[in-house]
Amino acid sequence: MGDHSISRRTLLYTGLASTAAVAIPNVFSSTASAHVSSQDAQGLKGNINHSVARWTYDFLSLDELCQLVLSTGFSAIDLVGPDEWPTLKRHGIDSSMCNGAEPNLEDGWSDSRFHADLVESYLRHIDMVSDAGYRNLICFSGNQRSLSEEQGLLNAEQGLKRILAHAEQKGVTLHMELLNSKIDHPDYLCDNSSWGIELCQRLSSPNFKLLYDIYHMQISEGDVIRTIRDNHQYFGHYHTAGVPGRHELDTNQELYYPAIMQAILDTGFDGYVAQEFKPSGSSREDKINALEQAVLRCDV
């Protein structure tokens, strides 16, 4: 790796040594650099706004994860709720996708039985997100259960219209995540881009977008690059992970992330791409180094 990366890592060691209360001893080794050729490093353009999903690095404290994020050149962490925002602010880290308004992933907007509680929770969280200076809040369709796809769409449209005007006023964008129902989330309704896009079109609000999860949509429908190119106006946020397994973005999985990232950039997207893979390394150090490796496999 070039001199810039060496100096960055050296600065990280210095910073950790001076902040003993939150230091992570002996974990940010230079082994990640050894695995990446100088040719790869010289080719980086830094055009992707990277973040990382909090839950995939939950073996680190949030303070530790903030240090890792900063050392890797990120500026944000995904899926952090209000209780942990003060820690992000202390480190100067953005909350790229806020959560906490949803009760779970199953009881969502496609089922009108949950609307009263969802409306109350989301109105409250929209205010909190806005007051904190953040912009993005995740939401979910929930499970289909016995509903038809059309009834689920009607329910979601009616429920979300009860909070969208408030989101628009507060400058907060709601992002419904596309999740696969084949492997990870059985019966989840918003499991394909067509259903989500139809909901976007019915709501017709700049403050409602889809969170296009590349891992989930590769499993559900494939055709990732064409889908992004043709429908990018509906996608406000992206998640990554390797298929199969939801692990690192390496040569053991079927997606070629440089081409996918280039397709995203070509649409003019300037939001966040969040790494949401589960690091599979056998050691704490391997799992930490995997985050830097993911950046090097994404940047174009």
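Tutor: Angles under 35 degrees count as roughly parallel, over 145 as roughly antiparallel, 65 to 115 as roughly perpendicular, and the rest as oblique. With that cut-off in hand, and bearing in mind that this is a predicted model, we can begin with the pair formed by α7 and helix α8 (residues 193–203), whose axes come within 10 Å and cross at roughly 45°. The two helices, α7 and α8, are therefore oblique to each other, and their crossing is right-handed. On the side of α7 the contact is made by E149, E150, G152, L153, L154, A156, E157, L160, K161 and L164, and on the side of α8 by W195, E198, L199, R202 and L203. Sorted by class, the residues of this contact of α7 with α8 comprise eight nonpolar, one polar and six charged.

Helix α7 (residues 149–170) also has a partner in helix α6 (residues 115–131), and here the axes come within 10 Å and cross at roughly 20°. Because angles under 35 degrees count as roughly parallel, α6 and α7 are described as roughly parallel to each other. The crossing of α6 and α7 is right-handed. From α6 the residues H115, V119, Y122, L123, I126, D127 and S130 take part, and they meet N155, G159, R162, I163, H166, A167 and K170 of α7. The contact of α6 with α7 has six nonpolar, five polar and three charged residues.

Of its 300 residues, 55% count as buried. Among contacts in the chain with a separation of 6 or more, 75% are accounted for by residues 24 or more positions apart.

N136 is found in strand β4 (residues 136–139), and its relative accessible area of 12% makes N136 buried. A polar atom of the N136 side chain lies 2.9 Å from the backbone oxygen of S96. Not counting residues up to four places away in sequence, N136 touches S96, M97, C98, V129, T173 and H175.

H239 has its place in strand β7 (residues 235–240) and counts as buried, at 0% relative accessibility. Its side chain is joined to that of E177 by a polar contact of 3.2 Å.

From H239 the view passes to Q275, which is 36 residues away in sequence, with the two C-alpha atoms 5.9 Å apart in space. Q275 lies in strand β8 (residues 272–275) and is buried, with a relative accessible area of 0%. Residues up to four places away in sequence being left out of the count, Q275 touches H50, S51, V52, A53, T56, F74, T240, L249, L291, A294 and C298.

To return to the part you asked about, α7 is oblique to α8, whereas α6 and α7 are roughly parallel to each other.

How values were computed. Residues numbered from 1 in each chain as written. Predicted model: local features only at pLDDT ≥ 70, side-chain atom pairs only at ≥ 80, totals over all residues. Heavy atoms only, no water. Helix = DSSP H or I, 4+ residues; strand = E, 2+ residues; numbered from the N terminus. Buried < 20%, exposed > 50% of the residue type's maximum accessible area, 1.4 Å probe, protein only. Contact = heavy atoms within 4.5 Å. Polar contact = N/O pair within 3.5 Å; in protein donor to acceptor, adjacent residues only side chain to side chain. Axes fitted to C-alpha atoms, helices over the stretch in contact; angles between N-to-C directions. Left-handed = near helix turned anticlockwise from the far one by under 90°. Nonpolar A, V, L, I, M, F, W, Y, C, P; charged D, E, K, R; others polar.
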